[in-house]
Amino acid sequence: MGTLTGTTVMITGASRGLGRALARSAAREGATLALCARGGEALEATAEECRGLGTEVLAVLADVADAADVERFAATALERFGGVDVLVNNAAELGPLPLPQLTDAPSSALEHVLRANVLGPLRLTQAVIGGMLLRNRGLVVNISTDAALIGFAGLGLYSASKAALDALTRSWAAELQHTAVRVISVDPGDMFTDMHMAADPEANPDDLLRPDDVAERLLTLFAGRVPAADRVEAAGLE
């Protein structure tokens with residue numbers, strides 16, 4: 001039996017990058033998985049790989065920027081598994097490519113980024129956290145970035161959305177401090193992913209973290225070793 005046997009883990013953006021790495025790592029530890037992403041073929045490939053590791057997987061084609069998709073994903077997962085023990089709000093949008101300066105970025109682009117990076121996590125967390133409170137256990141991990149704290153040219157839309165997600169995390173952590181349910185933001189660091197290379201095409205892959213290595217660090221949170229802070233860097237997890 002793995003360290004996550006009997007645990008249901010819900011992951012958004014599970015078709016690639018960190019989301020896919022987290023799904024594989026959690027599956028190896030025996031977790032039951034509820035996965036969503038926009039890319040159907042890539043999502044199913046992740047699901048099949050995890051099923052091959054001996055775990056039950058629900059894979060739902062869904063865009064977290066779409067309120068109806070979020071509701072459908074949550075409802076399907078809760079009907080199948082009865083509850084969620086760990087939610088990872090991983091799916092995210094950078095905004096238009098090539099990345100625009102804020103002086104040129106259309107407000108409609110910010111609206112879409114906020115729907116994906118803030119409203120999606122908000123809605124999904126609200127959908128599952130009631131069950132966590134009733135069972136007196138649960139963890140919500142919001143994937144953040146150093147861009148939520150530091151200004152980078154071209155990342156204004158993404159930065160604003162992740163700063164908002166961090167603010168939601170702090171508020172949830174304060175509201176739930178006397179319960180057994182935890183909400184935490186995690187900065188995974190700069191990883192070799194499609195999103196990072198889209199944001200910084202000149203980046204040297206050799207200088208970037210591998211999602212599989214970051215996922216192994218985050219797995220310590222899933223297993224219950226959650227720091228007291230409401231925001232951490234993955235590099236500091238053991």
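Where does P98 lie? P98 is part of the loop that runs between β4 and α4 (107-135); helices (H or I, at least four residues) and strands (E, at least two) are DSSP runs, numbered from the N terminus. The model is predicted, so that local features need pLDDT of at least 70 and side-chain atom pairs count only at pLDDT 80 or more, while totals for chains, interfaces and linings use all residues. Residues are numbered from 1 along each chain as its sequence is written, and side-chain values use heavy atoms, without hydrogens and water.

Most peptide bonds are trans, and most residues other than glycine have a negative phi. The bond joining L97 and P98 is cis, with omega about -5°. N136, in the loop between α4 and β5, is not a glycine but has a positive phi of about 60°.

Buried means under 20% relative accessible area, with a 1.4 Å probe and protein chains only. Beyond its neighbours within four places in sequence, V141 has contacts (heavy atoms within 4.5 Å) with residues including L87, I184 and F222.

The structure holds zero disulfides, a disulfide being a pair of cysteine sulfur atoms within 2.5 Å. The sulfur of C36 is 14 Å from the closest cysteine sulfur, in C50, and therefore too far for a bond. C36 is buried at 2% relative accessibility, and C50 is buried at 0%.

Methods
Buried < 20%, exposed > 50% of the residue type's maximum accessible area, 1.4 Å probe, protein only.
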